[in-house]
Amino acid sequence: MFTKHIEQMNTIACIKSRRSIRRYLPRKVAHEIIEELIACAKWAPSWNNCKAVRYTVVEREEDLKELADTLVASENIHIVRNAPLIFIISNVKKRSGYERDGHTSSAKGDSWEMFDAGAACQTLCLAAAELGLGTVIMGTFDEIGIGRFAGIPENEEIIALVACGYADETPKAPRRKEVAEILRYL
Ligand SMILES: Cc1cc2nc3c(=O)[nH]c(=O)nc-3n(C[C@H](O)[C@H](O)[C@H](O)COP(=O)(O)O)c2cc1C
């Protein structure tokens, strides 16, 4: 009972204190830690438990430089240049939102692919925060170019990039709306 209470407190503190980090120390992230992050991200919920999200790690210096210089939007170049690690988040197509016979059974069609990847990204970012790592999700990049560069299989769609590393900044929390502004009771 006591342990459960502590775990819940940690989760809430982690949710509220996680910030997007755009400056990193020049310190590698050990593969043991990368694997622990993915061991957490895999517990994110997904459409019909289809488990379609995939994670590709870019960590070699020359690869990060190529990614930064040619494949991301200008506002993200400085992030990718100084991050020790980028996750390319992709989703196997035609799983999230689809039934076994291949038809989409919800009015939202295949947009659950984005939803599942979003849940996985947030789980990854929270796990990273808990382990003392900073992250930032990036949504603007050359999707076709990154697919070729990283050899992402044709049947996967690249959804986002997530930079990850030891923070070299402590950003102030951007404003959030008050609960009363975003919550309605019927
Ligand atoms: C889908 C998505 C795309 C994002 N794309 C970028 C991006 O391309 N570059 C960037 O610096 N931050 C990006 N962010 C981070 C947001 O700017 C950030 O989450 C927001 O300002 C709130 O700050 P916080 O994460 O520190 O609470 C993205 C976040 C999300 C969820």
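Modeller: Four strands form an open sheet, and their order across it is S1-S2-S4-S3, with antiparallel pairing. Strand S1, residues 53-58, and strand S3, residues 134-138, are the edge strands, so named because each pairs on one side only. On average, neighbouring strands of the sheet are turned by 25 degrees against each other, direction ignored. Keep in mind that this is a predicted model.

S1 pairs with strand S2, residues 85-92, in the antiparallel sense, and six bridges join the two. Within this pair, Val 53 stands opposite Asn 91 of S2.

Now the helices. Helix H3 covers residues 61-71 and helix H6 covers residues 143-150; they pack at an angle of about 160 degrees, and their axes are 11 Å apart. Angles over 145 degrees count as roughly antiparallel, and H3 and H6 are therefore roughly antiparallel to each other. Their crossing is right-handed. On the H3 side, Glu 66, Leu 67, Thr 70 and Leu 71 take part in the contact, and they meet Gly 145, Ile 146 and Phe 149 of H6. By class, this contact has four nonpolar, two polar and one charged residues.

Last, the ligand. The residues that surround the ligand include Arg 19, Ser 20, Arg 22, Glu 75 and Asn 76. Val 136, Ile 137, Met 138, Gly 139, Thr 140 and Pro 174 also belong to this shell. Sorted by class, the shell has four nonpolar, four polar and three charged residues.

How values were computed: Residues numbered from 1 in each chain as written. Predicted model: local features only at pLDDT ≥ 70, side-chain atom pairs only at ≥ 80, totals over all residues. Axes fitted to C-alpha atoms, helices over the stretch in contact; angles between N-to-C directions. Near = placed C-beta within 6 Å. Nonpolar A, V, L, I, M, F, W, Y, C, P; charged D, E, K, R; others polar. Parallel < 35°, antiparallel > 145°, perpendicular 65-115°, else oblique. Left-handed = near helix turned anticlockwise from the far one by under 90°. Contact = placed C-beta atoms within 7 Å.
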